[in-house]
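Hello,

Here is the structure I said I would pass on. Please open it first, then read the notes below it.

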Amino acid sequence: SCVHTENCFVPTSEIIAVEETEVNKKQRNIGKWQKMAKPHAFTVYYVKKARNHRWRCSDVTFWCVDEHLCNQWIQALKELLEMQKSRPKQLLVYINPYGGKRQGKRIYEQKVAPLFSLASISTDVVITEHANHAKDNLFEVNINKYDGVVCVGGDGMFSEVMHGLIGRMQKDSGIDQNNPKAPLVQCNIRIGIIPAGSTDCICYSTIGVSDPVTSALHIIVGDCQPLDVSSIHHNNTFLKYSVSLLGYGFYGDILKDSEKKRWMGPMRYDYSGFKTFLSHHYYEGTISFQPAKHTLGSPRDKDSCRTGCYICKKSEQQLAEQHKECGLKHEEEEEWKVIKGKFLAINAVNMSCACPRSPKGLSPAAHLADGSADLILVRKCSRFDFLRYLVRHTNQDDQFDFSFVDVYRVKSFQFTSKLSEDNESNVTDTGKKRFGQFCRDHPACCCNTANSTWNCDGETLDSSTIEVRVHCQLMKLFARGIEENCKDEAAYSQSSVEQLL
């Protein structure tokens with residue numbers, strides 16, 4: 001018999017734990033339990049889906065007078081949980097105590113650790129003491145004893161763990177990361193993100209909400225979401241991996257300016273954004289790219305990436321078939337499209353880059369695991385036009401519907417700034433090298449800055465000339481993509497409604 005007011009159908013995959021429950025005297029005196037000589041009980045903890053993709057841990061207690069029957073139920077449910085092979089049993093946890101609002105340690109201890117303990121997950125916790133601590137540590141630990149690596153922090157902390165894990169996998173497989181054409185080995189160890197930073201874009205784009213409890217529950221139930229990763233090289237030297245935004249021009253300049261103003265906290269991004277918008281710098285260069293012919297979708301369709309995404313699955317199969325038929329040599333010979341121009345912004349995104357401020361993101365139809373990136377070129381235009389483009393990120397209109405914006409789905413691209421091209425052509429005009437090109441459009445500053453900086457997932461890359469390649473599903477997250485909104489979202493909050501999960 002169930003003492004819950006709510007009828008609730010929960011799949012085994014979303015049960016967190018089952019525990020025997022001690023029935024105290026106070027409870028024994030309540031109504032219908034008075035007649036029972038000595039009631040026995042067990043509690044089932046399960047995932048309760050709330051609104052806006054939030055998950056919570058809820059529980060329901062079952063009582064009966066027969067001790068043997070009670071134990072049979074407990075045993076049967078525990079055996080069902082044991083059969084859930086994708087669930088982690090041992091996790092390596094890295095906590096950044098300094099990131100974001102400096103709440104990482106508190107968030108983990110108060111909100112996450114009790115849930116891991118309830119689900120019988122054992123953890124080894126490392127509190128990072130300096131930059132790259134987690135990354136370096138991942139090269140030393142016995143990685144095979146863990147079912148996953150969890151990072152508590154923001155996007156920077158995730159990036160560090162990702163670089164450590166991918167780097168470790170390539171090292172163990174004898175693959176040279178400096179070779180831009182090397183086929184990289186996939187990481188089978190999943191990464192979990194407990195958001196505790198000032199920006200949690202990756203969490204928002206892969207789960208739909210930036211919430212520590214929700215993320216912890218996705219880890220507990222053993223969710224798995226593959227993720228594309230872009231590798232960035234310069235002159236046969238590996239620079240970085242990127243999973244969200246790689247931006248030159250506008251977003252690079254914002255980051256470079258904001259780095260000097262860390263004392264301002266998260267407000268620095270608004271300040272630097274406004275300042276960068278007013279400076280209105282454009283950058284000359286050449287971009288060449290290989291269109292992603294294997295993908296089913298396009299950046300301007302309305303097919304958003306959702307849980308169990310059909311486009312990601314199909315694109316992965318198509319890519320695998322292409323590789324089987326032609327190998328990597330054919331890939332190098334495939335057509336390259338070349339565009340020269342003056343750009344206010346060049347953005348390459350591997351995911352929508354959605355966040356609370358921009359709920360649809362930079363490219364609403366970008367996919368998490370289709371082996372491609374969306375390359376967005378914003379050509380030189382007036383300040384007013386650029387503002388119109390930026391405002392589109394916050395509303396429902398098609399943000400690519402401008403004559404000065406081009407978007408392409410690509411599997412690799414290269415960018416060379418005009419300055420680099422000129423230097424290679426042995427231009428001896430040192431004045432030109434030093435100041436860039438004089439620019440009639442900027443009477444206030446009289447000259448246009450020669451080179452911008454690349455913003456790679458919130459970290460600066462100073463090399464303006466780069467080579468980028470998308471690696472399909474290189475890593476996996478403890479996530480399931482963004483679930484389709486249930487029509488009965490309002491019903492979740494009504495305890496009397498029968499909810500079929």
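Predicted model: local features only at pLDDT ≥ 70, side-chain atom pairs only at ≥ 80, totals over all residues.

Cavities

The count comes to five cavities of 30 Å³ or more. The largest share, three residues, is from α9. Sorted by class, the lining has four nonpolar, four polar and one charged residues.

Salt bridges

There are 18 salt bridges in the structure. In one of them, the side chains of E459 and K240 meet at 3.4 Å, N to O. This pair links distant parts of the chain, as E459 is in strand β17 (residues 459-461) and K240 is in strand β10 (residues 237-242), 219 residues apart. E459 is partly exposed, at 26% relative accessible area, whereas K240 counts as buried because its value of 17% is under 20%.

Another salt bridge joins D374 and R409, at 2.8 Å from N to O. D374 belongs to strand β14 (residues 373-379) and R409 to strand β15 (residues 405-417), with the two 35 residues apart. Both count as buried: D374 has 2% relative accessibility, and R409 has 7%.

R480 is buried, with a relative accessible area of 15%. Salt bridges with shared partners connect E14, K49, D223, R480 and E483 in one network.

Regards

Definitions and conventions: Residues numbered from 1 in each chain as written. Heavy atoms only, no water. 1 Å grid on protein atoms, 1.4 Å probe; cavity = no way out; pocket = protein on both sides within 12 Å on 5 of 7 lines; lining within 4 Å. Points joined across faces, edges and corners; volume = space filled by probe spheres on them. Helix = DSSP H or I, 4+ residues; strand = E, 2+ residues; numbered from the N terminus. Nonpolar A, V, L, I, M, F, W, Y, C, P; charged D, E, K, R; others polar. Salt bridge = Lys/Arg side-chain N within 4 Å of Asp/Glu carboxyl O. Buried < 20%, exposed > 50% of the residue type's maximum accessible area, 1.4 Å probe, protein only.
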